[in-house]
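Here's a quick briefing to read with the model open. Have a look at the chain first, then go through the points below.

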Amino acid sequence: MENPDRSPWVLLLIVPVVIPLITAIYNSVEPKLFGMPAFYWMQLAFVPLSALCTAVVYFKTRKR
């Protein structure tokens, strides 16, 4: 079995690290969601995105 650190699935962990660092995507007030500016609801949306990416990588690279 290959080393899990060498799996291409590990590259998926770049998504929750890099996307929140690109502030140009969400540095705005509009569009509002339930009266909340885009900056806040997008920051909150990164939490489940990070959890989903982490779970996918975990289940794809764990030893059987």
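Helix α2 has 24 residues and runs 34 Å from its first C-alpha to its last, close to the 34 Å expected at 1.5 Å a residue (that expected span is 1.5 Å times one less than the number of residues). Helices here are DSSP runs of H or I with at least four residues, numbered from the N terminus. Keep in mind that this is a predicted model, where local features need pLDDT of at least 70 and side-chain atom pairs count only at pLDDT 80 or more, while totals for chains, interfaces and linings use all residues. Residues are numbered from 1 along each chain as its sequence is written, and side-chain values use heavy atoms, with hydrogens and water left out.

**Helix α2 and what covers it**

- The buried residues of α2 are Ala38, Phe46, Cys53, Val57 and Thr61 (buried means under 20% relative accessible area, exposed over 50%, partly exposed in between, with a 1.4 Å probe and protein chains only).
- Part of the cover over those buried residues comes from α1 (14-18).
- Thr61 sits in α2, which spans residues 38-61, and counts as buried because its relative accessibility is 14%.
- A polar atom of the Thr61 side chain lies 2.6 Å from the backbone oxygen of Val57.

- Pro16 belongs to helix α1, and at 16% relative accessibility it counts as buried.
- Pro16 and Ser50 are 34 residues apart in sequence, yet their C-alphas are 4.9 Å apart in space.
- Leaving aside residues up to four places away in sequence, Pro16 touches Ser50 and Cys53 (contact means heavy atoms within 4.5 Å).

- Leu11, Ile14, Val17, Val18, Leu21, Ile22 and Ile25 make a nonpolar surface patch of about 650 Å².
- Ile14 from that patch lies in helix α1 and counts as partly exposed, because its relative accessibility is 46%.

- Most residues other than glycine have a negative phi, and most peptide bonds are trans.
- The peptide bond from Glu30 to Pro31 is cis, with omega near 0 degrees, and Pro31 is placed in the loop between α1 and α2.
- Phe34 is also found in the loop between α1 and α2, and has a positive phi of about 55 degrees although it is not a glycine.
- Is Phe34 buried or exposed? Phe34 counts as exposed, because its relative accessibility is 82%.

Terms used: Helix = DSSP H or I, 4+ residues; strand = E, 2+ residues; numbered from the N terminus. Polar contact = N/O pair within 3.5 Å; in protein donor to acceptor, adjacent residues only side chain to side chain. Patch = residues over 30% accessible without salt bridge, like charges linked within 9 Å, V, L, I, M, F, W, Y side chains within 5 Å. Areas by Shrake-Rupley, 256 points an atom, 1.4 Å probe, with all protein chains shown as cover. Salt bridge = Lys/Arg side-chain N within 4 Å of Asp/Glu carboxyl O.
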